[in-house]
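Here is a friendly walk through one protein model. Please keep the sequence and the 3D view open as you read.

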Amino acid sequence: MTKQLIPIMWLFLLLGLQSCGNEDEKFENIEFKTTGVTLSPLPNGISYYGEIDHTGGEMTFTAIGKNADNGFLSQFKMGDYLYEITDADLKRQLPYTICEKEWGKIEILSASPHVTRIVLFENQTHNSINYELTFGGAYKTSHVFLTQLKKE
């Protein structure tokens, strides 16, 4: 009986490994309409870069295009600060504030379409500040890298 199970287990293992490397599964980006910042696409096809003046300001990111349904903010990082959006966050009544810190705040304004607003306060330091936002998840993801320029 055991000798008969071993080939069957190997068959299931091989079938499982074949499905893990599915070449049809490719990363797709999420496109945005923005206010307050201009995003430039990066060569990897799923990332964008933008610069903000040291004075800060308000920016909105509205997910558009074929992957707009996946345009929800899923993670925010600034220096050592990391905020991952939870299922509980997604169930909150709109609009709501994700976080409010000394550098600014992040708000979710709408889920249809997905609209995220970021308000950055003035950068009083003589160093640029980098922010990283991740929108979506799995194979439909975009990363937005923002640099708030240093005070001259």
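## About the model

This is a predicted model, in which local features need pLDDT of at least 70, side-chain atom pairs count only at pLDDT 80 or more, and totals for chains, interfaces and linings use all residues. Residues are numbered from 1 along each chain as its sequence is written, and side-chain values use heavy atoms, with hydrogens and water left out.

## Overall fold

The protein chain has 2 helices and 11 strands (DSSP runs numbered from the N terminus: H or I of at least four residues for helices, E of at least two for strands). Along the sequence, the pattern reads α-β-β-β-β-β-β-α-β-β-β-β-β. Of the 152 residues, 34% are buried, meaning under 20% relative accessible area with a 1.4 Å probe, protein chains only.

Six strands form an open sheet with mixed pairing, in the order 2-3-11-10-5-6; two strands pair if DSSP finds at least two bridges between them. Strand 2 (40-41) and strand 6 (81-84) stand at the edges with a single partner strand each, so one side of each has no neighbour in the sheet.

Strand 10 and strand 11 (residues 140-148) run antiparallel and are joined by 9 bridges. Phe 135 has Ser 142 in strand 11 as its bridge partner.

## Aromatic rings

The structure holds 10 aromatic pairs (rings of Phe, Tyr and Trp, the last by its six-membered ring, with centres within 6.5 Å; planes under 30 degrees apart are stacked, over 60 edge-to-face, the rest tilted). Phe 61 and Phe 135 make a tilted pair, because their ring centres are 5.9 Å apart and their planes stand at 40 degrees. Phe 61 lies in strand 4 (residues 57-64) and Phe 135 in strand 10 (residues 129-137), so the pair ties together parts that are 74 residues apart in sequence.

Both Phe 61 and Phe 135 are buried. Together with Phe 32 and Tyr 48, Phe 61 and Phe 135 form one aromatic cluster.

Key:
Buried < 20%, exposed > 50% of the residue type's maximum accessible area, 1.4 Å probe, protein only.
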